[in-house]
Amino acid sequence: MVFFVILSIVLMTVDHRENHLEKVRAALSLVVYPLQLIVDIPRTPIQWASDSLIPRSELENELERLRTQELLLKAQLQKLISLESENRRLRQLSQAARRLSDEMMIAELMSVDLDPFSRQIVINKGISDEVYVGQPVLDADGVMGQVVHVSPFNSQVMLITDPSHAVPVQVNRNGLRTLAVGTGSTEELNIPYIPNNADIMVGDLLETSGLGGRFPTGYPVARITSIEIDLNEPYARVSARPAARMDRSREVLLVESADLRRQQVGDEGAPE
Amino acid sequence: MKLGENAKPQGSIIIALSFILALVLTIMPLPELIEPFRPAWVPMVLIYWSMALPNRIGVALGWLVGLFLDVATGALLGQNALALALLAFLTLQLHQRIRVYPLGQQALSVLMLIALYQILVVWVRGIIGHPPESWLYWMQSLTSMLFWPVVFVVLRGVRRQYKVN
């Protein structure tokens, strides 16, 4: 008995402080993987059935909608391409570090429940698809979280709304830098350390600042929803709503950024 | 329960299957509203087996199952292992008493045992800095108590049917 208690305590300490146990966890999760597949099964045929039972008119409507959307996006993209090249020229002029473009990989959520009191999800890409610990995860609207454990065929993602997660962000309007800390609720992020006199407004968009080296710069994170100023306290109480659709997205994007990968491997990769 | 004192142990597969089923039930998706009310399936199955077969099921198995539970739920490695090893130990100490209780009283003991398991888990989580903030966390003990008669009757049926001893 005492032996197992000590063993568990040693295990927990090592797992909490170091990352040596990632391999052990990956090996053990290989055993758990079939169970996760079993749990995931009921979803697949149901989705297939509902997909193949959509009436033709609805499909045509959707096609129409997607076509208009594509047209709009293409128009915006034209502008973006010229802006990007202009940006690159200007950056070359000012000798600033060039921002590498990021590659994306699409992964799908597995419907597996983890601990209900922390915000984590399981996605169906793992070591075999070159997912690494710390890789940022986005959905179509914004940042969702980062990979915390990888196993051979799937990986666990901690969402930015997890109470133990924080993202370095900046206000898109004026570059004010701060942190966005999870609260455990899918609808709310807490923004601590905003001084009472800071220039921040309800509706401001927070985007990743790229400080901290995990998340690439410039992806939307959240929008400010409320600011409460209490003059007796040093900081304002600010909360924001995540831009990503935390509990509704089925597909997520894994960002592969050469910069970050290099840092992960351990080479010098400090920008600027 | 005295049937198989001299027989060879058998039915390991049944025991393994019951734990696998408990793990599957633990990670099965539920609507977010009722998620905190999910009974602690794995600890309950462990309590049953260590009560019914105290000379086969013990602390080591509890620890191993806990490790898998940790991996499956993405918890700190060793957290559930510690809690379940202690749970198995306690059940082994108490098995002769709990065994002869009527079902209702048994459910109460299960409430106490699962609550103790939850206290251990919350303690570990507090130490690493993220304890669950909602009181709903403790609902798991209550729903486990309510589901205990079902688990007990089903597992006893299975044990008798397949002569696990």
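Leaving aside residues up to four places away in sequence, B:Leu103 touches B:Trp148, B:Pro149, B:Phe152 and B:Val153, where a contact means heavy atoms within 4.5 Å. The structure is a predicted model, in which local features need pLDDT of at least 70 and side-chain atom pairs count only at pLDDT 80 or more, while totals for chains, interfaces and linings use all residues. Residues are numbered from 1 along each chain as its sequence is written, chains are lettered from A and ligands numbered from 1 in the order in which they are written, and side-chain values use heavy atoms, with hydrogens and water left out.

B:Leu103 lies in helix H5 of chain B; helices (H or I, at least four residues) and strands (E, at least two) are DSSP runs, numbered from the N terminus. Although 45 residues separate B:Leu103 from B:Trp148 along the chain, their C-alpha atoms are 8.5 Å apart. Because its relative accessible area is 31%, B:Leu103 is partly exposed, a class that falls between buried (under 20% relative accessible area) and exposed (over 50%), with a 1.4 Å probe and protein chains only.

Helix H5 of chain B, residues 103-128, also holds B:Ile128, which counts as buried because its relative accessibility is 17%. Not counting residues up to four places away in sequence, B:Ile128 touches A:His16 and B:Leu76. B:Leu76 is 52 residues from B:Ile128 along the chain, and their C-alpha atoms are separated by 9.1 Å.

Helix H1 of chain B covers residues 12-27, and its 16 residues should span 22 Å at 1.5 Å a residue, which agrees with the 23 Å between its end C-alpha atoms; the expected span is 1.5 Å times one less than the number of residues. The buried residues of H1(B) include B:Ile14, B:Phe19 and B:Leu23. The buried residues of this helix pack against helix H2 (22-40) of chain A, and also against helix H2 (41-52), helix H3 (59-73) and helix H6 (139-161) of chain B.

Turning to chain A as a whole, the chain contains five helices and twelve strands, and its C-alpha trace spans about 60 × 60 × 40 Å along its principal axes. Of the 272 residues in chain A, 38% are buried. Chain A is divided into domain 1 (2-47), domain 2 (56-99) and domain 3 (104-269), with bounds that come from an automatic or database domain assignment. The C-alpha centres of domain 1 and domain 2 of chain A lie 41 Å apart.
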